[in-house]
Amino acid sequence: MKNPFLVTALCALSFGAAAADTYVIEPTHTYPMFEISHLGFSTTRGGFDKTEGTIVLDMAKKSGSVDITIDATSLSTPVPKLDAHLKNEDFFDVAKYPTITFKSDQLVFEGETLTSVTGDLTMHGVTKPVTLAVTHFVCKDHPMTKKPHCGADVEATIQRSEWGISTYSPAVGEDVKLKIQVEATRQ
């Protein structure tokens, strides 16, 4: 090539592309959970057993993206009868809305630490922005597999009626605390 500017630009683009790493969610170490007040007496807790997706991280540029899909039919609590009720049309209506998704390209870093992720949460047929606070974040080689691995704990509080889930509100709490542990392995 005769144009040195073009060569420099192509090298810079190649370097930038190589800096982003794709991580695949580990379903056995990723667990989205929720907490909600039960009639003001106690806190009901539950979660979802099946999650998949990818996380792209460019640590040099402090950017990335998240694309997560939760199988809403995998909802579980310690009480099978409650699971069936939460899955019906009063709440998650999993027959009509079998997945919950979170998509983001707004990752916020402080130094090397991921501190928050803002994206679109789609649940019950409604999409709304949500910011997840990252309370723990680490990337390093996994001690057993020796492969690059990232993990995080994230949380947020949402109002369930914003997603069209308002049965028994406000007796059953309006605020839902989300807590998600996630681990992912680099491709």
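A residue counts as buried when its relative accessible area is under 20%, as exposed when that area is over 50%, and as partly exposed in between. These terms are applied here to a predicted model, beginning with two phenylalanines, F48 and F92, both of which are buried.

The structure holds five aromatic pairs. In one of them, the ring centres of F48 and F92 lie 5.6 Å apart with the planes at 85°; because planes over 60 degrees apart count as edge-to-face, the pair belongs to that class. The two residues come from distant parts of the chain: F48 is in strand β3 (residues 42–48), whereas F92 is in the loop between α2 (80–87) and β7 (99–110), 44 residues apart. Ring pairs also bring in F34, so that F34, F48 and F92 are linked into a cluster.

A further aromatic pair is formed by F91 and Y168, with 6.1 Å from centre to centre and 50° between the planes, which makes it tilted. F91 lies in the loop between α2 and β7, and Y168 in the loop between β10 (148–159) and β11; the pair therefore ties together parts 77 residues apart in sequence. The two partners can also be described by their accessibility. F91, at 8% relative accessibility, counts as buried, while Y168, with a relative accessible area of 47%, is partly exposed.

Most residues other than glycine have a negative phi, and most peptide bonds are trans. In the loop between α2 and β7 is D93, whose phi is positive, near 50°. D93 is buried, with a relative accessible area of 14%. In the loop between β10 and β11, Y168 likewise has a positive phi, near 65°. That loop also contains P170, and the peptide bond joining S169 and P170 is cis, with omega at about 5°.

The last topic is the empty space in the model. Rolling a probe the size of a water molecule over the atoms shows where such space is left. The largest pocket has a volume of about 880 Å³. Its lining comprises 47 residues, and P32, M33, F48, L178 and I180 are those nearest its centre. Strand β11 (residues 172–186) contributes the most to the lining, with seven residues. By class, the lining of this pocket consists of 37 nonpolar, eight polar and two charged residues.

Key. Residues are numbered from 1 along each chain as its sequence is written. This is a predicted model: local features need pLDDT of at least 70, side-chain atom pairs count only at pLDDT 80 or more; totals for chains, interfaces and linings use all residues. Side-chain values use heavy atoms; hydrogens and water are left out. On a 1 Å grid over the protein atoms alone, a cavity is a set of points where a 1.4 Å probe fits but cannot get out, and a pocket is an open set with protein on both sides within 12 Å along at least five of seven lines; lining residues have an atom within 4 Å of a point. Grid points are joined across faces, edges and corners, and a volume is the space filled by probe spheres set on the points. Helices (H or I, at least four residues) and strands (E, at least two) are DSSP runs, numbered from the N terminus. Ala, Val, Leu, Ile, Met, Phe, Trp, Tyr, Cys and Pro count as nonpolar, Asp, Glu, Lys and Arg as charged, and the others, Gly among them, as polar. Rings of Phe, Tyr and Trp (its six-membered ring) pair if their centres lie within 6.5 Å; planes under 30 degrees apart count as stacked, over 60 as edge-to-face and the rest as tilted. Buried means under 20% relative accessible area, exposed over 50%, partly exposed in between (1.4 Å probe, protein chains only).
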